Amino acid sequence: MFPQSTILDPLFWMVLGALQVLTFVGMRDWAKQFQLGMNWWKWLLAGGWWFSFVLTIAGAFTLLGENEGNAGWYLLGFAGTGLVIGGAVLLKVFLMLKPRTTD
């Protein structure tokens, strides 16, 4: 990834892993703030969507780095667009299944 460097590759992957942890901590706080009532199957769906999204981005840019530009852009365009739409649908489902509060 970083030519002629022995320290930047491991640092990059450590920072990326730390950002994943911060993303899930932020998702937990966001779900509490919006009172989504997350349970195990909702977390499983959200985590699966996030894993698919990150894997699609990583795969697309790996293809771009391997001089397979068309394949990388197609993967990012088709699968990425589908995942963004799927994420919006998932968010809508989470909001519709939000527990009712009687205030």
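This passage describes the fold, the surface and two selected residues of a single predicted chain.

Residue numbers start from 1 along each chain as its sequence is written, and side-chain values rest on heavy atoms, with hydrogens and water left out. The mean pLDDT (the predictor's confidence in each residue, from 0 to 100) of the chain is 87, and 93% of the residues reach 70 or more.

The secondary structure consists of three helices and zero strands, where helices (H or I, at least four residues) and strands (E, at least two) are DSSP runs numbered from the N terminus. The order of the elements from the N terminus is α-α-α. The radius of gyration is 17 Å, well over the 13 Å that the globule rule gives for 103 residues, so the chain is more spread out than a compact globule; this radius is taken over C-alpha atoms, and the rule is 2.2 Å times the number of residues to the power 0.38. Along the principal axes, the C-alpha atoms fill a box of roughly 60 × 30 × 20 Å. Among the elements, helix α1 (residues 8-33) has the lowest mean pLDDT, 86, and helix α3 (residues 69-96) has the highest, 93.

Of the 103 residues, 14% count as buried, with buried meaning under 20% relative accessible area, exposed over 50% and partly exposed in between (1.4 Å probe, protein chains only). Among contacts (heavy atoms within 4.5 Å) with a separation of 6 or more, 53% are accounted for by residues 24 or more positions apart. The chain carries 6 positive and 5 negative side chains, and the centres of the two sets lie 23 Å apart; Lys and Arg count as positive and Asp and Glu as negative, without His or the chain ends.

Two residues illustrate these features locally. K32, in helix α1, is exposed, with a relative accessible area of 58%, and its C-alpha atom is separated by 32 Å from that of G59, 27 residues apart along the chain. V93, placed in helix α3, is partly exposed at a relative accessible area of 30%, and the C-alpha atoms of V93 and K42, 51 residues apart along the chain, are separated by 9.7 Å.

Conventions: This is a predicted model: local features need pLDDT of at least 70, side-chain atom pairs count only at pLDDT 80 or more; totals for chains, interfaces and linings use all residues. The place of a charge is taken as NZ of Lys, CZ of Arg, CG of Asp or CD of Glu.
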